[in-house]
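Please examine the sequence and the structure shown below.

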Amino acid sequence: MQFMLLFSRQGKLRLQKWYVPLSDKEKKKITRELVQTVLARKPKMCSFLEWRDLKIVYKRYASLYFCCAIEDQDNELITLEIIHRYVELLDKYFGSVCELDIIFNFEKAYFILDEFLLGGEVQETSKKNVLKAIEQADLLQEFSSVAQSCPTLCDPMNRSTPGLPVHHQLLEFTQTHVHRVGDAIQPPHPVVPFSSCPQSLGLRKRLFLGWRKVECACILRKRANAESNEKQE
């Protein structure tokens, strides 16, 4: 696969992934030509077409077009199946995915695509493994953001705020640096085994409640420190 484009019926580009080195000017030119060509085709026309020295495979899902460019010797039906599998992954992760999910969570769409395709070739055919890797990466990112926003709550040696629960494994988890999404598949210090975790929707709800508790604790600590400083002054 040379590249993949996602665009709406209005011709708005929502996602682009290039697997060949091209200049920005050439990318814009290719995108403009392909979007106009695909949108001009009628619904009952074939999803395959020849363009320059490549073959274009596209498919429409609701208001989005998924368009891939492959070489002449590649199989069009396999590419169509790759598009469908990617849509299934998006739908499984977001839950009845729509165009707004891609717009407001485009980085997640890129993460899923990177776990699914590598260098334009399929690297993981299992939907369960791809989604598990993405959920673990999300958990790493969310715990890291909590540690950065209020690091004292993540320090098991800190006793300045009595009564607040401290998770001793959280410090080890937040010290794990992830440079690639694939690094989060097997973190060296897992906090919660994913076999006992709920699905992504329930997980996000639990994490959101955890964030709120941490944020409230941070606010209370700041207010207490400010009041003590005022009294000393």
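The paragraphs below treat the salt bridges and then a surface patch. The model is predicted, and a search of the whole structure finds eight salt bridges.

One of these salt bridges joins D114 to K17, with the closest N and O atoms 3.1 Å apart. This pair links distant parts of the chain: D114 belongs to helix α4 (residues 106–116) and K17 to strand β2 (residues 13–18), 97 residues apart. D114 has a relative accessibility of 29% and therefore counts as partly exposed.

A salt bridge is also formed by K55 and E76, whose closest N and O atoms are 3.0 Å apart. Here too, distant parts of the chain are linked, as K55 lies in strand β4 (residues 54–61) and E76 in helix α2 (residues 76–94), 21 residues apart. Is K55 buried or exposed? At 10% relative accessibility, K55 counts as buried, because buried means under 20% relative accessible area. E76, at 23%, counts as partly exposed.

Within helix α2, E88 and R85 are three residues apart, so about one helical turn separates them. Their side chains meet in a salt bridge, at 3.2 Å from N to O. E88 is partly exposed, with a relative accessible area of 25%, and R85 is likewise partly exposed at 23% relative accessibility. Elsewhere, salt bridges that share partners join E26, E33 and R52 into one network.

The surface also carries a nonpolar patch of about 310 Å², made by L100, I103 and F104. Of these residues, L100 lies in helix α3, which spans residues 99–104.

Definitions and conventions: Residues are numbered from 1 along each chain as its sequence is written. This is a predicted model: local features need pLDDT of at least 70, side-chain atom pairs count only at pLDDT 80 or more; totals for chains, interfaces and linings use all residues. Side-chain values use heavy atoms; hydrogens and water are left out. Patches are made of residues with over 30% relative accessible area and no salt bridge: like charges are joined within 9 Å, nonpolar side chains (Val, Leu, Ile, Met, Phe, Trp, Tyr) within 5 Å. Accessible areas come from the Shrake-Rupley method with a 1.4 Å probe; for residues, only the protein chains shown count as cover. A salt bridge is a side-chain nitrogen of Lys or Arg within 4 Å of a carboxyl oxygen of Asp or Glu. Helices (H or I, at least four residues) and strands (E, at least two) are DSSP runs, numbered from the N terminus. Buried means under 20% relative accessible area, exposed over 50%, partly exposed in between (1.4 Å probe, protein chains only).
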